[in-house]
Amino acid sequence: MTAPSGRTARSGSTDRPGRTDAAKSVPATSAPGAARPADLAPHELRILIAVEREGGFSAAAGALGVTQSAVSHSVRGTERKVGAVLFERGRKGAVPTAAGAAAVAHARRVLRLLDALVAEARGADSGAVEGPLRIAAFRSVALHLLPAALERLTARHPGLVPEVRVVRELGAGTAGEVAQGRADVGIATVGGTSPVPAGLIGDVLIEEPYSLVHPAGHPDPRSLPLIDWHENCGSYTRQWWAGQDWIPRATVLTEDDGAVLAMVGAGHGMAIMPGLSLTGAPDSVEITDLGTERPIRSVGYVTTPELARSAAVRALIRELRESTGR
């Protein structure tokens, strides 16, 4: 796959509830034929991101090293340009509205494109690929797929600086990090019941089968209680799972696949796990094939359409394909 956020306080005020003048001052829509809204400047986008991240105008001002009134003034101006209220102000700070959440996500992606513009312009003559590359990956990918790819990537492009965040593949997961502008590339479960989210693009890198994992030498592993982990729950092929009357409800639910392997190896139960999670499995566990109808998990990459064309993202995708033979 391929692909990067109320009420407005008056200048000089602190975050306070009880005012409703901002909502009245922001036009809901533009009249037909109205002049095009003024462009937003990068510093305005950075302020939106800081307010969302810090949870308030005062905290954002502290993080940015500016005054609270400057932040308040900037957000008011942005809301006028956008034509929507972006933050609800209250006693606990500033919370993005639906419009604000969308604006912040776009702001992150726009600023990332500006960074890419600079990096690629500087490397246009030499062909150098430089700058940060933000990657979101779930645990088994970060352990068993990314290291070799990143080793080759940085050897070929010494100026490239990968920044990896390990994200649980639950809810929006790694793809959500890309959609929100927090990552340039996400290594995600894709295909089947996990389609590429709208607005992103990508492709499959590896298809890994699930296997039965149980204590080595156990005479009847299917009689053991099930050990599972939160991330795994959304990854099964549901139709296959529903048809297996021998699989009980999990009696142990852990935080990650490493804990599952440790508990299975200690004889506390059996598990059903995908291939990447079984890389380097200890001798205390045995892996049994589930047959031709076994479930398969597809793992791929997602990115934004605009960043898919960037040199850094294309370089990473090449290395990932080399690692997986795709």
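The side chain of histidine 218 reaches the backbone nitrogen of aspartate 220 at 3.0 Å. That is a polar contact: a pair of N or O atoms within 3.5 Å, where, within protein, one must be able to donate a hydrogen and the other to accept it, and residues adjacent in sequence count only if both atoms are side-chain atoms. This is a predicted model: local features need pLDDT of at least 70, side-chain atom pairs count only at pLDDT 80 or more, and totals for chains, interfaces and linings use all residues. Residues are numbered from 1 along each chain as its sequence is written, and side-chain values use heavy atoms, with hydrogens and water left out.

**Histidine 218**
- Histidine 218 sits in the loop between β6 and β7; strands (E, at least two residues) and helices (H or I, at least four) are DSSP runs, numbered from the N terminus.
- Histidine 218 is partly exposed, at 28% relative accessible area; buried means under 20%, exposed over 50%, partly exposed in between (1.4 Å probe, protein chains only).
- Leaving aside residues up to four places away in sequence, histidine 218 touches Ser223 and Leu224, with contact meaning heavy atoms within 4.5 Å.
- Histidine 218 and valine 285 are 67 residues apart in sequence, and their C-alpha atoms are 9.4 Å apart.

**Helix α10**
- Helix α10 spans residues 257-265, and its buried residues are Asp257, Val260, Leu261 and Val264.
- Seen down the axis of α10, these buried residues fall within an arc of 95 degrees, so they line one face of the helix; the arc is taken over directions from the helix axis to the C-beta atoms.
- An α-helix has 3.6 residues a turn, so residues three or four places apart point the same way.
- Cover for the buried residues of α10 includes α6 (139-144), β6 (201-215) and β7 (227-229).
- β8 (252-254), β9 (271-274) and β10 (285-289) are also among the covering elements.
- Aspartate 256 caps the N-terminal end of α10, with a side-chain oxygen 2.9 Å from the backbone nitrogen of glycine 258.
- Just after α10, glycine 267 takes a positive phi of about 90 degrees.

**Helix α5**
- Leucine 117 lies in helix α5 (residues 98-122).
- Leucine 117 is exposed, with a relative accessible area of 54%.

**Whole protein**
- The protein has eleven helices and eleven strands.
- Of its 326 residues, 45% are buried.
- The accessible surface is about 15500 Å², with 54% belonging to carbon and sulfur atoms; areas come from the Shrake-Rupley method with a 1.4 Å probe, and for residues only the protein chains shown count as cover.
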